[in-house]
Each structure stands twice: as C-alpha cells, then as structure tokens.
Amino acid sequence: MLKYVLKRIMLAVVTMFCIIAITFFAMNAIPGGPFDAEKAPSPAIKAVLMERYNLDKPLTEQFVIYVGNLLKGDFGISIKTGRSVTETILSSFQVSAKIGLMAAAAAVITGLLLGCLAAAYVNRWPDRLIITATSIIVSVPSFVIASVLMLVFCLKLKWVSAWSPDNPNYILPVISLAVFPMANIVRYTKSSMLDALGQNYIRTARAKGLEEWLVIFKHGFKNASIPIITYIGPMIAGILTGSVVIETVFTIGGLGYQFVNGITNRDYTLIMGTTIFLAAIIIFITLLSDLLYKAVDPRIKL
C-alpha cells in the first residue's frame with residue numbers, strides 16, 4: 001500500500017510539472033501580450049513593465065525563474081490588477097468551493113438514491129421516468145439550464161433573487177452545477193446496481209428473508225460502488241474547482257470567473273496560478289478516489 005501511494009505521489013509530481021511546462025510555453029506561443037491592448041502604454045512604460053515581470057528575458061529563462069518562485073510558494077503578481085495571485089486564488093476559491101461542495105453533495109446524494117430506485121424498479125414506471133429525465137438533462141448544455149432557471153425563477157416567478165456579492169443566493173447556481181453530474185451518477189448507479197443485484201449472494205440474501213431495502217443498500221450497493229467512485233472522484237474535483245460556464249452566467253466572482261478574466265486580459269501570472277491550482281486539486285482528488293477502492297473492496301490489489 002505504501003509503495004503504491006509513493007509511486008502515485010511521484011507520478012502526480014511529474015504530471016504537475018508537465019502541466020506547468022505545457023501551459024507556460026503554450027500561453028507564450030499565442031501571438032500578442034498583456035501590454036498589447038488598444039490602450040497600450042508608451043514604449044518607455046512598456047519596457048519598464050516588461051522588465052518588472054521578467055517578460056524581457058528569453059522564454060526558457062522566464063520559465064526557470066517562474067518555477068523557482070513557484071517552489072517558494074510564490075505565484076507572482078497579477079499583471080492587470082497588481083494583486084497577489086495567491087490572494088486572488090484563495091479569495092475566489094472560497095466562493096467556488098462553497099457552491100461546488102453544495103452542488104457535489106446534492107449531485108451525489110440525489111444521483112445515488114435515484115439510481116438505486118431505478119435499479120429496484122427496472123422496466124417499471126419509476127425507472128422509465130428517471131431515465132427519461134436524466135437523458136434530457138445530459139443532452140442540454142449547462143448554460144442553457146442556468147439561463148432557463150434564471151428566466152423562470154428570477155424574472156418570471158420571482159421566487160429567488162439573482163446572484164450578487166451583497167446578496168449571494170446559492171440555490172440556482174448549485175442546481176445548475178449539480179444537475180448534469182447527478183444525471184450521470186444515476187446512469188452509472190443503475191448500471192452497476194443491476195449487475196450487482198443479479199449475483200448469487202443477492203439471491204441468497206433474499207432467500208434468507210431480508211428486507212428489500214437491506215438487500216439493495218447493504219449488500220448490493222457496496223459491491224456496485226467501485227465504478228461509481230471512478231466517476232464521482234473526478235466529478236467532485238471538476239465541480240469543486242468551479243464551473244467556468246455557470247460562474248460566467250451568474251457573474252459569480254469564483255475561480256472559474258477569474259480564470260476567464262485572466263485569459264481575456266492575457267494575465268500570464270493569473271492564468272498560470274489558476275491552472276496550477278485547479279490541476280493540483282484534480283490530481284489530489286483522483287489519487288484519493290483510487291485509494292478508496294481498497295477501502296471499499298479489500299480484495300483489490302493496488
């Protein structure tokens with residue numbers, strides 16, 4: 001177990017370095033720069049700014065300097081705002097994490113319950129209703145769902161208010177962020193549960209006279225959970241790091257929104273900082289989901 005964990009950590013470090021290198025050189029390969037906007041500074045001021053952010057040096061030297069600062073925990077200063085990238089990431093991630101955790105919890109709980117229900121009533125009306133609804137959800141883009149929810153519940157019915165920093169209303173962003181992964185969890189859960197419920201140990205449990213809910217949730221679900229964990233791990237990482245589309249639609253100043261602003265403004269340090277932070281979260285949660293396999297099923301050899 002320890003050998004496997006150390007091997008995965010080393011692989012994560014190599015993966016992170018590759019992400020940093022690819023992002024850095026690809027970002028600088030795009031024509032233009034952060035000071036090439038319409039209201040560009042004078043050549044003298046531009047030269048000072050280029051020197052301040054080490055943009056006047058060769059690309060390989062810039063990369064070495066950036067990695068060296070990164071090892072010290074320094075993500076640099078935002079080129080456009082002059083604010084510390086670390087402070088920007090931490091403050092915006094608080095919003096993304098709050099919405100992401102609520103959306104992930106809603107998606108997992110609802111998806112697992114509906115998936116088990118569909119498997120228990122397979123080929124009957126609850127199953128058909130759940131699968132039809134989830135098929136519609138996965139075929140509709142998330143920005144359409146978010147826009148329709150705002151149109152109906154904010155403008156037409158006026159049941160909830162739109163998002164604002166002074167009055168943060170998490171209901172619609174959470175629902176918009178949760179419905180798509182929830183639909184996928186339903187489909188994964190139903191498929192895994194049907195496979196598990198057809199095994200001999202399930203027939204034995206039913207022959208002993210156990211109640212159906214015990215057969216489904218205690219015996220069937222545990223053995224059906226491994227394929228579900230495979231999806232839920234990266235899914236939680238994706239939701240937790242914030243949705244660029246949802247945060248843009250609701251104008252939420254989360255991490256995804258900052259990432260879009262960084263790309264729009266060609267803010268190199270902000271792009272690099274958010275990319276590294278998002279990648280680190282995804283790699284960590286993916287590693288954690290792999291280790292959960294052993295806890296769920298001791299028969300698995302890592």
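Here is a walk through the structure above, from the whole chain down to single residues.

First, some ground rules: this is a predicted model, where local features need pLDDT of at least 70, side-chain atom pairs count only at pLDDT 80 or more, and totals for chains, interfaces and linings use all residues. Residues are numbered from 1 along each chain as its sequence is written, and side-chain values use heavy atoms, with hydrogens and water left out.

Let's start with the big picture. The chain has 12 helices and 0 strands, where helices (H or I, at least four residues) and strands (E, at least two) are DSSP runs numbered from the N terminus. Reading from that end, the elements go α-α-α-α-α-α-α-α-α-α-α-α. The C-alpha trace spans about 85 × 60 × 30 Å along its principal axes. Of the chain's 302 residues, 42% count as buried; buried means under 20% relative accessible area, exposed means over 50%, and partly exposed is in between (1.4 Å probe, protein chains only). Now for contacts, which means heavy atoms within 4.5 Å. Among contacts in the chain with a separation of 6 or more, 72% are between residues 24 or more positions apart.

Next, look at how some helices pack. Helix H1 (residues 2–29) and helix H3 (residues 59–71) meet at an angle of about 140°, with their axes 11 Å apart. Those axes are lines fitted to C-alpha atoms, for helices over the stretch in contact, and the angles run from 0 to 180 degrees between N-to-C directions. That angle makes H1 oblique to H3: under 35 degrees counts as roughly parallel, over 145 as roughly antiparallel, 65 to 115 as roughly perpendicular, and the rest as oblique. The crossing of H1 and H3 is right-handed. As for that word, a crossing is left-handed if the near helix is turned anticlockwise from the far one by less than a right angle, and right-handed if clockwise. H1 brings Phe17, Ile20, Ala21, Phe24, Phe25 and Asn28 to the contact, while H3 brings Leu59, Gln62, Phe63, Tyr66 and Leu70. By class, that gives 9 nonpolar residues, 2 polar and no charged. Here Ala, Val, Leu, Ile, Met, Phe, Trp, Tyr, Cys and Pro count as nonpolar, Asp, Glu, Lys and Arg as charged, and the others, Gly among them, as polar.

Helix H7 (residues 171–197) packs against H4 at an angle of about 35°, with the axes 6 Å apart. This crossing is right-handed too, and the contact of H4 with H7 has 22 nonpolar, 5 polar and 1 charged residues. H7 also meets H5: their axes come within 9 Å and cross at roughly 135°, which makes H5 oblique to H7. The crossing of H5 and H7 is left-handed. On the H5 side the contact includes Asp127, Ile130 and Thr134, and on the H7 side it includes Val179, Arg187 and Lys190. In this contact the classes come to 9 nonpolar, 3 polar and 3 charged.

Now step into the loop between helix H4 (85–120) and helix H5 (125–139), where you'll find valine 122. Valine 122 is partly exposed, at 32% relative accessible area. Not counting residues up to four places away in sequence, Valine 122 touches Asp127, Lys190 and Leu194. Valine 122 and lysine 190 are 68 residues apart in sequence, yet 8.8 Å apart in space, C-alpha to C-alpha. Asparagine 123 lies in the loop between H4 and H5 as well, and is exposed, at 54%. Its phi is near 65°, a positive value in a residue other than glycine. For context, most residues other than glycine have a negative phi.

Over in helix H9 (residues 212–240) sits phenylalanine 221, which is partly exposed, at 22%. Leaving aside neighbours within four places in sequence, phenylalanine 221 is in contact with Leu112, Cys116, Met193, Ile216 and Ile228. How many disulfides does a search of the whole structure find? The search finds 0, a disulfide being a pair of cysteine sulfur atoms within 2.5 Å.

Last stop: threonine 275, in helix H12 (residues 268–296). Threonine 275 is buried, with a relative accessible area of 16%. Apart from neighbours within four places in sequence, threonine 275 is in contact with Ile19, Thr23 and Phe259.
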